[in-house]
Amino acid sequence: MTLRYIAIDWGSTNLRAWLFHHGACQESRKSEMGITRLNGKSPEAVLTEVSAGWRDETTPVVMAGMVGSNAGWKVTPYLPCPARFSEFGSQITTVAEGVFIVPGLCVLRDNNHNVMRGEETQLLGARELKPAPLYIMPGTHCKWVQADSEQVNEFRTVMTGELHHLLLTHSLVGAGLPEQLPSTEAFHAGLTQGLETAAPLARLFEVRAAHVLGTMAREQVSEFLSGLLIGNEVASMVREWQPETRQPITIVAGSALAERYRQALNALGIRAQVLEGDIAFQAGIRSIAHAVAK
């Protein structure tokens with residue numbers, strides 16, 4: 001099929017856009033005009049700017065992410081899980097002529113209330129490129145997603161990335177620290193502790209005490225804390241999901257962050273394969289754009 005379209009991953013703080021033609025990416029653009037950073041501009045105006053020179057009246061725009069939230073262009077529905085992958089393209093919301101937003105996903109159960117926007121499109125691509133029974137999608141709010149070839153069954157969200165940021169910048173743990181430096185050793189030390197502890201909250205102040213007492217380098221607190229939080233996240237979620245070891249888990253993320261999760265899984269004897277988040281998103285939005293064009 002010959003198809004020209006624009007794909008946009010529009011999050012809270014950033015926007016990424018790709019122009020596709022004949023199934024290949026012709027050009028990409030990035031903007032800091034995320035949904036929370038519009039500076040008084042309307043989403044329509046931002047779209048016009050970011051797609052300048054790309055659009056004509058026949059070029060569809062398919063968007064995913066926080067652009068479909070109550071802070072975005074228009075509130076789009078959440079598909080309840082279990083949600084079939086085939087529904088993602090058939091349940092899109094039209095917000096303007098030729099402009100569409102992909103629905104998010106939700107879980108509404110007594111023991112699990114969850115939502116996602118944007119990751120569902122990455123999942124669609126990941127299912128095609130690196131299928132797995134369990135997907136890990138690290139970031140500010142890490143998603144753990146249980147799926148099969150037909151549908152997303154359930155997912156949970158762990159606020160590891162945001163907690164790391166808050167502890168370093170707005171808590172006593174990070175107060176008065178110098179510029180933080182990379183340290184493989186500090187990350188591994190934190191990872192070991194995180195994988196082993198069942199009480200991470202009790203460990204957090206010890207991070208503060210360790211650098212105050214001089215037993216931890218003050219420039220390595222961020223790395224140790226990263227290992228501690230990721231290790232505890234992975235250990236607790238593995239206990240909950242009990243993934244099979246015969247098939248690898250797919251981590252959808254940039255290489256640096258994915259490697260941290262891969263190391264944590266490897267320590268528990270679990271294999272993982274990595275898929276770059278942008279590649280997963282582009283593959284997912286492509287299938288939705290094709291559905292829109294039919």
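Which side chain meets that of Arg-16 in a salt bridge at 2.5 Å, N to O?

**Entry 1: basis.** I worked from a predicted model, in which local features need pLDDT of at least 70, side-chain atom pairs count only at pLDDT 80 or more, and totals for chains, interfaces and linings use all residues. Residues are numbered from 1 along each chain as its sequence is written, and side-chain values use heavy atoms, with hydrogens and water left out.

**Entry 2: salt bridges.** I looked up the partner of Arg-16 and found Asp-9. A salt bridge here is a side-chain nitrogen of Lys or Arg within 4 Å of a carboxyl oxygen of Asp or Glu. The structure holds ten salt bridges. Asp-9 is buried at 11% relative accessible area, while Arg-16 is partly exposed at 24%. I noted the cut-offs: buried is under 20% relative accessible area, exposed over 50%, and partly exposed in between (1.4 Å probe, protein chains only).

Arg-16 also forms a salt bridge with Asp-278, with the closest N and O atoms 2.1 Å apart. This pair links strand S2 (residues 15–21) to helix H9 (residues 277–293), 262 residues apart. Helices (H or I, at least four residues) and strands (E, at least two) are DSSP runs, numbered from the N terminus.

**Entry 3: backbone.** I then turned to the backbone. Most residues other than glycine have a negative phi, and most peptide bonds are trans. Asn-39, although not a glycine, has a positive phi of about 55°; Asn-39 is exposed at 70% relative accessibility. A cis peptide bond joins Cys-81 and Pro-82, with omega about 5°. I located Pro-82 in the loop between strand S5 (78–80) and strand S6 (83–84).
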